[in-house]
Amino acid sequence: LDAPPFTENGRTLVPLRFIGEAFGASVVWDGNTKKVTYTLGSTIIEVIIGSTIAVVNGEKKNLDVPPKLVNGRTFVPLRLISESFGASVIWEAATKKIYIEFNKNS
């Protein structure tokens, strides 16, 4: 990670390229519209900086915390991206660790 994740209103945000590339997705940033598009197989996720609406395969999803620009870096909600790609996200409160389980072949 070149920028640390952070928590806002109980949601963890991570750098946009880190999470996308960790899954092997293509990541496209449109600076004019401030939109991020992730593509992995047939899954397409679109998020816009400051918007509490994401679009996953054409279906709108409400976000508790919108994607943000912080110190010139773009951060997106970890759970939305991970679960949209079919991963399981596990929060371990005692250690404040997040585990992501993803089977690329399923």
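Is Ile 98 buried, partly exposed or exposed? Select Ile 98: at 31% relative accessibility, this residue counts as partly exposed, where buried means under 20% relative accessible area, exposed over 50%, and partly exposed in between (1.4 Å probe, protein chains only). The model is a predicted one, in which local features need pLDDT of at least 70 and side-chain atom pairs count only at pLDDT 80 or more, while totals for chains, interfaces and linings use all residues. Residues are numbered from 1 along each chain as its sequence is written, and side-chain values use heavy atoms, with hydrogens and water left out.

Ile 98 is found in strand S11, residues 97-101. Strands (E, at least two residues) and helices (H or I, at least four) are DSSP runs, numbered from the N terminus.

**The largest pocket**

Next, select Gly 10, Arg 11, Thr 12, Arg 79 and Leu 80. Of the 17 residues lining the largest pocket, these are the closest to its centre. The volume of this pocket is about 380 Å³. On a 1 Å grid over the protein atoms alone, a pocket is an open set of points with protein on both sides within 12 Å along at least five of seven lines, whereas a cavity is a set where a 1.4 Å probe fits but cannot get out; lining residues have an atom within 4 Å of a point. Grid points are joined across faces, edges and corners, and a volume is the space filled by probe spheres set on the points.

Colour strand S2 (11-15), strand S7 (59-62), helix H2 (78-84) and strand S10 (88-92), the elements that each give two or more residues to the lining. H2 supplies the largest share, four residues. By class, the lining divides into eight nonpolar, four polar and five charged residues; Ala, Val, Leu, Ile, Met, Phe, Trp, Tyr, Cys and Pro count as nonpolar, Asp, Glu, Lys and Arg as charged, and the others, Gly among them, as polar.

**Salt bridges**

Stay on Arg 11, which forms a salt bridge with Asp 64, the closest N and O atoms being 2.5 Å apart. The partners belong to distant parts of the chain: Arg 11 is in strand S2 and Asp 64 in the loop between S7 and S8, 53 residues apart. Arg 11 is partly exposed at 36% relative accessibility, while Asp 64 is exposed at 54%. The structure holds six salt bridges, each being a side-chain nitrogen of Lys or Arg within 4 Å of a carboxyl oxygen of Asp or Glu.

Another to display is Lys 68 with Glu 8, whose closest N and O atoms are 3.1 Å apart. This pair links strand S8 (residues 68-70), which holds Lys 68, to strand S1 (residues 6-8), which holds Glu 8, across 60 residues. Glu 8 is partly exposed, at 24% relative accessibility.

Then show Lys 35 and Glu 46, a salt bridge with its closest N and O atoms 3.3 Å apart. Lys 35 lies in strand S4 (residues 35-40) and Glu 46 in strand S5 (residues 43-48), so the pair ties together parts 11 residues apart in sequence. Both are partly exposed: Lys 35 has a relative accessible area of 25% and Glu 46 stands at 26%.

**Backbone stops in the loops**

Select Lys 34, in the loop between strand S3 (26-30) and S4. Its phi is near 60 degrees, a positive value in a residue other than glycine. Asn 71, in the loop between S8 and strand S9 (73-77), likewise has a positive phi, near 50 degrees. Asn 71 is exposed, with a relative accessible area of 78%.

**A buried strand residue**

Finish at Val 14 in strand S2, which is buried at 4% relative accessibility. The C-alpha atoms of Val 14 and Val 76 are separated by 5.5 Å, although the two residues are 62 apart along the chain.
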